Amino acid sequence: MIRAALFVLADGRFPAGGHAHSGGAEAAVAAGRIKDAASLEEFCRGRLHTTGLVAAALAAAAAAGHDPLALDEAADARTPVQALRATARKLGRQMMRAARATWPSPELDELAAARPQGAHQPIVLGLAARSAGLAPLDAACAVAYETVSGPATATVRLLSLDPFDATAVLARLAPELDQVAAAAAEAAQRITDEGVGALPAASAPLLDITAQQHAAWPVRLFAS
């Protein structure tokens with residue numbers, strides 16, 4: 001295992017397109033649900049324990065070597081809103097380009113051929129982690145972190161929030177990031193005996209609703 005590869009994969013400068021997405025923060029700021037560091041923390045916590053847990057488990061399962069096409073179907077079933085499915089596949093395409101250039105592997109090539117329009121991003125990230133020699137827990141950690149770091153970074157731009165305050169939010173959430181990543185990796189382990197139904201299916205209906213609304217905005221700073 002090459003643990004240092006996790007720093008490359010989780011780095012916000014990894015060219016996988018995440019900087020253009022707010023993880024629902026732009027819509028939440030517009031609605032007044034995020035207005036300061038405290039409300040940002042609550043938003044990130046809710047996202048982490050719902051969609052973040054689901055995405056982290058999908059990534060861990062891909063990193064563990066489970067069928068990525070079956071996982072992609074499971075991701076579709078857990079993403080009821082078309083806007084979020086489109087975003088996940090667009091980010092998956094971008095992640096695939098970066099991953100194949102960074103850690104080439106036959107598994108990434110096979111998934112790219114099978115899903116030319118893009119697989120869901122967490123699954124591509126999980127395969128990238130596998131290709132980089134990382135463990136399923138590492139993949140889950142990377143996804144859990146990006147689940148909260150994306151909205152935090154976006155809020156700095158949207159509200160001119162002090163970046164020190166935004167970073168403090170991430171630090172306070174660190175124990176929960178570990179908990180979510182561990183739960184995701186444990187769920188991935190159960191797939192062998194229970195199938196993909198062992199993966200969590202937590203939902204965040206308000207994120208779903210606002211994502212669909214945000215996609216129709218004529219002017220927006222972030223793609224999602």
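User: Is Leu221 buried, exposed or partly exposed, and what's its relative accessible area?
Analyst: Leu221 is partly exposed, at 47% relative accessible area. Buried is under 20%, exposed is over 50%, and partly exposed sits in between (1.4 Å probe, protein chains only). This is a predicted model, where local features need pLDDT of at least 70, side-chain atom pairs count only at pLDDT 80 or more, and totals for chains, interfaces and linings use all residues. Residues are numbered from 1 along each chain as its sequence is written, and side-chain values use heavy atoms, with hydrogens and water left out.

User: Ok, what is Leu221 in contact with?
Analyst: Leaving aside neighbours within four places in sequence, Leu221 is in contact (heavy atoms within 4.5 Å) with Glu26, Arg157 and Leu158.

User: And how far is Leu221 from Ser22?
Analyst: They're 9.0 Å apart in space, C-alpha to C-alpha, and 199 residues apart in sequence.

User: Where does Leu221 lie?
Analyst: In the segment after α11 (205-215). Helices here are DSSP runs (H or I, at least four residues), numbered from the N terminus.

User: Switching topic: where is Ser160?
Analyst: Ser160 is in the loop between α8 (136-159) and α9 (163-189). Ser160 is exposed, with a relative accessible area of 66%.

User: What's the phi of Ser160?
Analyst: Near 55°, which is a positive value in a residue other than glycine.

Key. Helix = DSSP H or I, 4+ residues; strand = E, 2+ residues; numbered from the N terminus.
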